Amino acid sequence: MQGDAYLKCVDPQCGLEYPIENTNVQCEKGHMLDVKYKNKPSSSLKEVFYERRNSEGSIFNESGVWRFRDLLNFCQIDTENLDECSKYLVSLDGAEGRQSKPYHMSKAAEFIGISNNNLWLQPEGYNPSGSFKDNGMATAVTHAKMIGAKKIVCASTGNTSASAGMFAANEGMNCDVYIPAGQIAPGKLSQAYQFGAQIVEVDGNFDDALKQSLDDAQNHDGYTVNSINPFRIEGQKTIPFRALEYLDWESPDWIVYPGGALGNTSSCGKALMELYEWGWIKKIPRIAVINSEGASTLSDLYNGKFEGEEIRWNKGNPNTELISRYYNHLDKEGLKPKTKATAIQIGRPANILKGLRALEFTNGVATTVSDSEMLDGMSVVGLNGFDCEMASGASVVGIKKLIDEEIIKKDDIVVGILTGRQKDAMIPVDYHRNPENRFAIPPKN
Ligand SMILES: [Zn+2]
């Protein structure tokens with residue numbers, strides 16, 4: 001398998017290639033990179049994945065990420081050799097992705113107005129650090145370990161820092177977390193502190209913090225684990241892998257995600273492109289991305305709400321100048337992303353181009369929902385006995401909105417991804433104390 005995996009620029013006109021040990025997150029012309037595999041994995045692996053669900057004591061079979069290691073084998077190891085797995089693959093005792101699979105949730109289905117049999121919701125909040133990030137962090141930290149990095153670096157205000165800090169602590173690596181000084185409530189970083197990460201406060205906004213984290217990573221032997229890292233995307237492919245596996249590899253009609261930095265959209269698109277190319281699936285599910293109304297960059301650009309042009313990947317020729325003009329417009333008007341769903345409070349989605357590629361491949365859609373709608377979505381998930389954060393509620397109410405608009409048909413099979421569990425204790429408390437909220441159960445005396 002040696003020489004099977006490599007990195008390739010996503011821009012088809014550029015197409016620069018790099019060895020798998022490369023740690024730059026972009027090609028030298030500034031385009032993003034994909035992890036590529038020369039070999040086509042045989043679909044007979046479906047049986048192997050099924051058998052690994054009986055883990056026989058191996059954490060790499062227990063792990064919902066590494067169970068699919070043959071489809072993300074950038075370490076180019078013998079995937080059946082558990083000693084090699086132990087030497088290379090980073091895992092929190094098999095916990096990443098282990099409890100994540102799609103469930104029926106009847107109260108959510110009733111609220112949405114879809115048959116319970118047609119709706120699946122997949123909670124990623126039961127990952128060890130509490131969000132989907134652990135899927136991609138397991139693979140990014142595996143690559144960091146593979147190239148001998150001693151320190152991982154990210155800019156984050158929440159879930160990414162928790163996941164990075166957890167894996168770094170478990171692997172005995174250092175972890176630096178860059179944040180904009182004075183703009184982040186300390187509580188949002190409590191997990192990063194708990195896992196011993198070094199918080200670095202940067203004068204400026206989140207974009208400045210990200211820029212400094214990238215500079216410092218490059219200049220001081222750090223390894224970047226934000227979602228612009230192509231190895232993060234590899235691990236996040238296992239989110240749709242698990243959904244598809246539980247549907248016996250029969251594609252649903254839709255896979256629905258909350259939209260933030262668009263790493264999930266990108267990884268789902270890449271997973272589907274690969275499975276389709278390899279002949280594992282015959283039908284391509286459509287991706288729906290649900291932005292918050294207050295942080296709606298993708299939806300605005302995709303739906304032609306800025307300068308009247310609907311931006312598309314356009315076979316690798318997206319109108320990137322339109323994106324630049326949109327960002328300039330945000331700066332000039334002083335428009336900052338604003339939503340209580342902080343996990344998707346992002347104005348400049350780092351993966352927007354890969355996200356557009358995913359939407360083009362899957363004939364996808366993008367739309368927005370309000371904060372109060374997201375709170376209803378979050379709360380109705382809770383009534384089924386599942387915990388999720390406010391941003392995850394976007395998947396639920398996004399499906400509802402798209403059904404009301406007849407974009408999703410009532411007899412379609414829909415998988416919604418619930419990206420993280422509740423980390424802001426007061427959000428459900430405040431929701432339920434207000435009797436005007438749709439699903440509120442106020443305290444009584
Ligand atoms: Zn390039």
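**View 1. Five strands, in the order S4-S12-S9-S10-S11, make up an open sheet with parallel pairing.** Strands and helices are DSSP runs numbered from the N terminus, a strand (E) having at least two residues and a helix (H or I) at least four. Two strands are taken to pair if DSSP finds at least two bridges between them. Strand S4 (119-123) and strand S11 (365-369) are the edge strands, each pairing on one side only. On average, neighbouring strands of this sheet are turned by 25 degrees against each other, direction ignored. Axes here are lines fitted to C-alpha atoms, for helices over the stretch in contact, and angles between N-to-C directions run from 0 to 180 degrees.

The model is predicted: local features need pLDDT of at least 70 and side-chain atom pairs count only at pLDDT 80 or more, whereas totals for chains, interfaces and linings use all residues. Residues are numbered from 1 along each chain as its sequence is written, and side-chain values use heavy atoms, with hydrogens and water left out.

**View 2. Strand S10 (residues 286-292) pairs with S11 in the parallel sense.** Five bridges join S10 and S11. Within this pairing, Val289 stands opposite Ala366 in S11. Helix H11 (residues 263-277) lies across strand S9 (254-258) and S10, and runs at about 180 degrees to S10.

**View 3. An open sheet of three strands has the order S2-S1-S3 and antiparallel pairing.** Its edge strands, strand S2 (17-19) and strand S3 (33-37), each pair on one side only. Neighbouring strands of this sheet are turned against each other by 35 degrees on average, direction ignored. Strand S1 (residues 5-9) and S2 run antiparallel and are joined by three bridges. Tyr6 stands opposite Pro19 in S2. In general, strands of a sheet pair through backbone hydrogen bonds, either parallel or antiparallel.

**View 4. Helix H6 (residues 159-171) is largely enclosed by the rest of the structure.** H6 has 13 residues and reaches 18 Å from its first C-alpha to its last, close to the 18 Å expected at 1.5 Å a residue; the expected span is 1.5 Å times one less than the number of residues. Among the buried residues are Asn159, Ala162, Met166 and Phe167. Their cover includes helix H5 (133-146), strand S5 (151-155), strand S6 (174-180), helix H7 (190-194) and helix H9 (230-236). After H6 comes Gly172, whose phi is positive, near 70 degrees.

**View 5. Thr160 is found in helix H6.** With 8% relative accessibility, Thr160 counts as buried. Its neighbours within four places in sequence left aside, Thr160 is in contact with Lys133, Met137, Cys154, Asn226 and Arg232. Contact means heavy atoms within 4.5 Å.

**View 6. The whole protein has 17 helices and 12 strands.** Its radius of gyration is 21 Å, close to the 22 Å that the globule rule gives for 445 residues, so the protein is as compact as a globular protein of that length. This radius is taken over C-alpha atoms, and the rule is 2.2 Å times the number of residues to the power 0.38. Along its principal axes the C-alpha trace spans about 60 × 50 × 50 Å. Of the 445 residues, 58% count as buried.

Technical notes:
Buried < 20%, exposed > 50% of the residue type's maximum accessible area, 1.4 Å probe, protein only.
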